[in-house]
Amino acid sequence: MNSPAYGARANYYPGLLFIVEGIDGSGKSTQLTLLSQWLRGEGYPVVFSEWNSSPIVKTTTSRGKRKRLLTPLTFSLIHATDFSDRVEREIIPSLKGGAIVLADRYVYTAFARDVIRGVDPGWVRSLYRFAVAPTLAFYFRVPLEVALKRILSSRPKLKWYEAGMDLGLNADPNESYRRFQSKILSEYDRLVEEYNLYVVDATRPVEAQQTLLREAIRPYLPQLERNLRVYENV
Amino acid sequence: MKTFESYGVGIPGVDLSELSGWLVVIEGTDGVGRTTHINRLRLQLERMGYAVAETGLTRSDLASRGIRRAKQGNTLGSNAFNLFYATDFADRLEHQIIPALRAGFVMLTDRYVYSLIARAIVRGADREWIKQVFSFSLKPDAVFYMRIDTPELVHRVLRNGGFDYWESGMDLPMGEDLYDSFIEYQRRVIHELDALASEYQFQTLNASRDEEENAEELAVRVSTLLETDRGTRGAPAIE
């Protein structure tokens, strides 16, 4: 029953795929928004894809969360369902058309969260085999306390699964959230090694991080139009 | 005493050694009389003193509505459908099948992962991948495959209200109209089920036969299975 795991499906489409990962409060979404504004300003077609956003599947996920029906296994599968729908109907068609696809969270979010919930690491990597490997994957590394301060200072109430309450780490949602995020951080450290993620120091000023991102993706941009011409002629 | 095991990976938070009871699966395409046979088996086993529960595809609390909604508009990617069905199955496994087995019930299951694997392969999913996805599922005690050929299936389906959009593979589609697509789709599904039947050692019954004969054969085979380990498994028998 050994089938290839995630990573086997290369991006052989003309478009480019850049993704950001990191714990809540790492500032990854801000950086991705800034990147998309810059790219649009430069005249590139940009498509945004967000974690957990497939219109049909999202309703079931919300229902499962609200009624606390989700187990580690179904939590994993419903997120894979959502992601699969976006890969098929959003990410791949856009890459075929030569767009720059920017994804806020990618398979690594699932690898980190699901494994902490007790899902088999090999199984979840195989589950996501349909996902295209990104052109570049940025990981926003931030110390736990910094991220917690950003999140907990502004947010009134943490949701059940968000705080990792299903893991039984602590009866207090804030303390549970803290321990859950700390576990996610360690999983991410493993993933950085395993998948060679591009690490960004998320404690640096916003502008400095953005400059780094732009410099990292700039070398790929000239390929876009050439790729598209080749692809359309095949 | 036999204990349950999965096809591959475990289920997070579930200790399979706690399960007793029996997991009995009826597989087959539409129109082979699965529901009738399950109803008859249920009555018979209850008369023998067994506690019986049943489940079937898309009956989960979590995902059944979502799947129904997605089917109405055909607005979900094909592979996402495969995974949506896997979610529905996992929810039923954890919330219906496992609790019933823990309590020592006979769980009669109207189609299992095999139908889902077959339909996914016909829709282009990689064979090894989709089997790996479902590798958390429990190995049943017995799988009865009600097998039928396409021409006979057409007669039955027409008698029972006609062609269904999804059971005809019209999301693909595989022919000009419902009839053409149905023939080709079901031919391929049956082909995949046949392959799974030998791989997973199904007990095949000829569904074109007289219904009574099949009912009797099922009754004998299931009661033999149950009686051989009665007292070591399942809920205490009501004598």
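The contact between the two chains takes 32 residues from chain B and 29 residues from chain A. Two residues are in contact if their C-beta atoms, placed from the backbone, lie within 7 Å. On the side of chain B that touches chain A, α2 (64-73), α3 (78-102) and α5 (127-133) of chain B each supply at least two residues. Helices (H or I, at least four residues) and strands (E, at least two) are DSSP runs, numbered from the N terminus. α3(B) gives the most to this side, with 10 residues. By class, the side of chain B that touches chain A has 15 nonpolar, 10 polar and 7 charged residues. Here Ala, Val, Leu, Ile, Met, Phe, Trp, Tyr, Cys and Pro count as nonpolar, Asp, Glu, Lys and Arg as charged, and the others, Gly among them, as polar.

This is a predicted model: local features need pLDDT of at least 70, side-chain atom pairs count only at pLDDT 80 or more, and totals for chains, interfaces and linings use all residues. Residues are numbered from 1 along each chain as its sequence is written, while chains are lettered from A and ligands numbered from 1 in the order in which they are written. The predictor gives the complex an ipTM of 0.93 and a pTM of 0.93. Chain B averages a pLDDT (the predictor's confidence in each residue, from 0 to 100) of 92, and 97% of its residues score at least 70.

**Helix packing in chain B**

α3(B) also packs against helix α4 (residues 113-122) of chain B, at an angle of about 175° and with the axes 10 Å apart. Axes are lines fitted to C-alpha atoms, for helices over the stretch in contact, and angles run from 0 to 180 degrees between N-to-C directions. The two helices are therefore roughly antiparallel (over 145 degrees; under 35 counts as roughly parallel, 65 to 115 as roughly perpendicular and the rest as oblique). α3(B) brings B:N82, B:Y85, B:A86 and B:F89 to this contact, and α4(B) brings B:V113, B:L116 and B:A120. Of these, 6 are nonpolar, 1 is polar and none is charged.

**The sheet of chain B**

Chain B has an open sheet of 5 strands in the order β2-β3-β1-β4-β5, with parallel pairing. Two strands pair if DSSP finds at least two bridges between them. β2 (52-56) and β5 (203-206) of chain B are the edges; each has a single partner strand, so one side of each lacks a neighbour in the sheet. The twist averages 20° from one strand to the next.

Helices cover this sheet as well. α3(B) lies across β1 (22-27), β2 and β3 (106-110) of chain B and runs at about 165° to β2(B). Helix α8 (residues 211-228) of chain B touches β1, β3, β4 and β5 of chain B, and its direction makes about 160° with that of β5(B).

**The sheet of chain A**

In chain A, 5 strands form an open sheet in the order β2-β3-β1-β4-β5, with parallel pairing. Its edge strands are β2 and β5 (198-201) of chain A, each pairing on one side only.

Strand β3 (residues 100-104) of chain A is largely enclosed by the rest of the structure, because 5 of its 5 residues are buried. Buried means that 20 or more other C-beta atoms lie within 10 Å of the residue's own (exposed: 12 or fewer; partly exposed: in between), with C-beta atoms placed from the backbone. A:I100, A:L102 and A:D104 point one way from β3(A), and A:V101 and A:A103 the other way.

Some parallel pairs from both chains:

| Strand pair | Bridges |
|---|---|
| β1 (residues 16-21) of chain A and β3(A) | 5 bridges |
| β2 (residues 46-50) of chain A and β3(A) | 5 bridges |
| β4 (residues 142-147) of chain B and β5(B) | 4 bridges |

A:V101 in β3(A) stands opposite A:L17 and opposite A:V47.
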